[in-house]
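Subject: Handover of a structure and the findings from it

Dear colleague,

I am handing over to you the structure shown below. Please look through it before reading on; the findings follow it.

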Amino acid sequence: MITKTKSLKVENISMIIACALFVLMFVAGSAMYDHFGSVSTFLNLFNDNAYLIVVAVGITFVLLTGGIDISVSSVVAFTCVFSAFLLQRGWPAFIVIPVVLLVGLLNGFLIGYCVQVFHIQPFIITLASQFLLRGMCAVVSTVSIPIENDFYKAAALSKLSFKVGRANAKFYLYVFLALIVVFIAYYVLKYTRFGRTVYAIGSNELSAGYMGLDVKRVKIGVYMISGFCAALGGVIFSFYTLAGYSLQNMGMELDAISSAVIGGTLLTGGVGNVWGSVIGVLIQGVIQTIVTYQNLNAWWTRVTIAALLCLFIVLQRIISIRADRQKGKG
Amino acid sequence: MALPVSGEAMGKRDILYMTDICKTFPGVKALDHVRFGLREGEIHSLLGENGAGKSTLIKVLTGVEQKDFGTIMMDGKEISPQSPIDAQNSGISTVYQEVNLCPDLSVAENVFIGREPKKGRHIDWKKVNERTREILKDFDLDINVEERLDNYPVAIQQMIAIARAVDVNAKVLILDEPTSSLSAQEVKKLFDIMRMLRDRGLGIVFVTHFLDQVYEVSDRITVLRNGTFVGTYDADKLPMLELVGKMIGKDYDSLEAIPKLTNTGKEYKELLRIEDGTTGEISGINVSIGEGEVTGFSGLLGSGRSELARLIFGADKKTKGKTFIKGKEKDIRNPLDAIKNDIAFCPEDRKKEGIVGDLTIRENITIALQSKRGLLHKISRKEADEITEKLIKDLAIKTPSADQKIKNLSGGNQQKVLLARWLATDPDLLILDEPTRGIDIGAKAEIQKIVVDLASKGMSCIFISSELEEMERCCSKMFVLNDKKIVGQLSGDEISQSAIMKQIAGEE
């Protein structure tokens, strides 16, 4: 009989490797370029990617159930365009923001409802949603709309500035919003029945049902969370760019998914957590920064991420195959 | 004859009482006025062949299906469960054949998910783990409850599933084929736990195919046949032969009626020979298979009998050794080579490696023939129809039509379709790994008969089974394996269960 074995979980190993990789790349960047190795660079990773962190956290819920949501980039774009459009008409920010968040939530609900009640493949229904919302962006406006609302401007510019040594470092307030989302998500996934049900569904949906868990509600719920986070990411992105343009963020859903995967979330569900997704985003941020410093074409970011993604997926497989073998011997 | 179902007279209270249960599926009357009574503190076996209605009865009881007619009384109150949770709330818990837990979650979480102890608003993980340790102590399980569930073997996972089922305040525990993937030792442990739970006053419904296990633990037995109630009996007053008769509705003699090939004492011409065959799994194998002979590979689970079959079929890479077919050396490096040399292989796990559930019977039967001929030579619909019709008739596959999806057939009929698939390719050598596992006695006898018939028509068969009795009945030659080696060979009248066991144990 097996007693008290302690083995490393797949997600832990992936996360440790991801953390190590992040540190390694940051140190390498610092060694290669002047000004790279600073608190300022580190904080900028958050400043530039706050919206992606929020979106990645939301999509992690869906991935953990074994589903997928490729509509998030369009939700982000639509949020930006629609916000800019409404603000341009003179709507106040405290109405616009709830409205766009509600749109994200509703979009998520419709997706979840189709997945759960009509058993439609999440890929297809979120693809439809992606096309729909991207199209709706163009219906609202084909040209970029600038945002000149005072609240948005204030949100875009409020930051903590401080000196570290000789350099100036800054930390935008909207990053706190992103970090709050991460903490809430962590709490929900770890300490609530809803969160544990998310893992149970990803692990074995049928069993989850037999064990009396509310599979239906939770499955619709994760798509609503993903939709809500995408819309919130969109709001943060409109703080960041102060404009709404129908073609922005094309393909960004894949950045969010790859962040989660690099951070140890399995696309088959049941394994992963939000911290991994945050680290995944930061790794992508570091790559982007290095590419910028190196003066390379921006597409090199994608090439590097592609290579990393392959590496991580193969690594996860190797770890789980080895775990299976050991179990066989035990 | 049948005792009254109610157990009031025995001093023990009926906790569950089902009467007049009817359930009709399109075209099939699955349950026809069936009754079933369960007392407090008893282990009650529910038996019947595949299609007898025991799964349907369990499904009705656990809320997976709804009855058309009849009453279910639980603890004196009528219930009508609409879902497994509903049944669970009435005190009926089920542990299914495939363990229904979440492999990625921890042991403790699997016991408590959905009803976690909380501290304020959030889950109290410390308490979850502590209480799980306490519960598992009753089951004599000393394991790390924070470990992922799938790091433990199936037997332990099953205990954990039972622990959960009992802990949700169950009065009735249904165990659906709990022993089918356990070793003998694990089965013993499970039975100890079942007895312990019975002595605590739980009513346990035990569904199984293994008749000797029924007698080991049961207090009473209920038999169903063709969706009807045959009777409820005290286990110690019903001999096994009589029980089998009641299950299949005919005398046990019809099982014995299979001619023993061993009596013919015939000399067989050699079809295939392996010299010094070695793979990563087994080594130093020398076997010879005769034309038109049924050869058995016998041994305990894990003895290397399946690995030997895989070696012959080229499914495991050979590191050493030679294969001769009809005296000529052949290089069989992969299953396609084997198929081209007219060797066919029916693997052990039919759900995983064999049937394609969503395809029709016709497609399932012709799939191997098509791959043998190559994709460019498409089998015409007419030919496919002819082959399928003939095989459905020859093997007596019970189905409304060849267009039926195979997943809708019973286990025994699925196995026959698999057999038909390989027969369609007209092989010289057919390897059958556990062809009768998990199917009922009637279908078992039919498959044994088919194998013997095929051999008498000149096809060689390799037969692998855990049941020595059916090996003894079907094989005219037998290789006995232990610890990944061939430890003995028997032929003709030498083959007997005791001789096989002696060779496995290394006596003589």
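Among contacts in chain B between residues at least 6 apart in sequence, those joining residues at least 24 apart make up 68%. Please bear in mind that the model is predicted. Chain B has 508 residues, of which 45% are buried. Its secondary structure comprises 18 helices and 22 strands. Taken along the principal axes, the C-alpha atoms of chain B fill a box of roughly 75 × 50 × 50 Å. The radius of gyration of chain B is 25 Å, which agrees with the value near 23 Å that a compact globule of 508 residues would have.

Within chain B, helix H1 (residues 54-62) deserves a look. This helix is mostly covered, as eight of its nine residues are buried. The buried residues of H1(B) are B:Lys54, B:Ser55, B:Thr56, B:Leu57, B:Lys59, B:Val60, B:Leu61 and B:Thr62. Just after H1(B) comes B:Gly63, with a positive phi of about 85°.

The two chains touch. Chain A gives 24 residues to this contact, and chain B gives 22 residues. On the side of chain A that touches chain B, the elements giving two or more residues are helix H8 (193-203) and helix H9 (205-210) of chain A. H8(A) provides the largest share of that side, with five residues. By class, the residues of the side of chain A that touches chain B are ten nonpolar, nine polar and five charged.

Two helix pairs within chain A were examined. From H3(A), the contact is made by A:Ser73, A:Ser74, A:Val75, A:Ala77, A:Phe78, A:Val81, A:Phe82 and A:Phe85. From H5(A), the contact is made by A:Ser129, A:Gln130, A:Leu133, A:Arg134, A:Met136, A:Cys137 and A:Val140. By class, the contact of H3(A) with H5(A) has ten nonpolar residues, four polar and one charged.

In the second pair, helix H7 (residues 173-191) and helix H12 (residues 274-293) of chain A pack at an angle of about 150°, and their axes are 9 Å apart. H7(A) contributes A:Val182, A:Ala185, A:Tyr186 and A:Leu189 to the contact, while H12(A) contributes A:Val274, A:Trp275 and A:Val278. The contact of H7(A) with H12(A) has seven nonpolar residues, no polar and no charged residues.

Finally, I draw your attention to a single residue of chain A. A:Asp255 lies in helix H11 (residues 252-262) of chain A. Is A:Asp255 buried or exposed? A:Asp255 is buried, because 23 other C-beta atoms lie within 10 Å and the cut-off for a buried residue is 20 or more. Not counting residues up to four places away in sequence, A:Asp255 touches A:Leu52 and A:Gln284. A:Asp255 and A:Val55 are 200 residues apart in sequence, while their C-alpha atoms are 9.5 Å apart in space.

With kind regards

How values were computed:
Residues numbered from 1 in each chain as written. Chains lettered and ligands numbered in written order. Predicted model: local features only at pLDDT ≥ 70, side-chain atom pairs only at ≥ 80, totals over all residues. Contact = placed C-beta atoms within 7 Å. Helix = DSSP H or I, 4+ residues; strand = E, 2+ residues; numbered from the N terminus. Nonpolar A, V, L, I, M, F, W, Y, C, P; charged D, E, K, R; others polar. Rg over C-alpha atoms; globule rule 2.2 N^0.38 Å. Buried ≥ 20, exposed ≤ 12 C-beta atoms within 10 Å, placed from the backbone. Axes fitted to C-alpha atoms, helices over the stretch in contact; angles between N-to-C directions.
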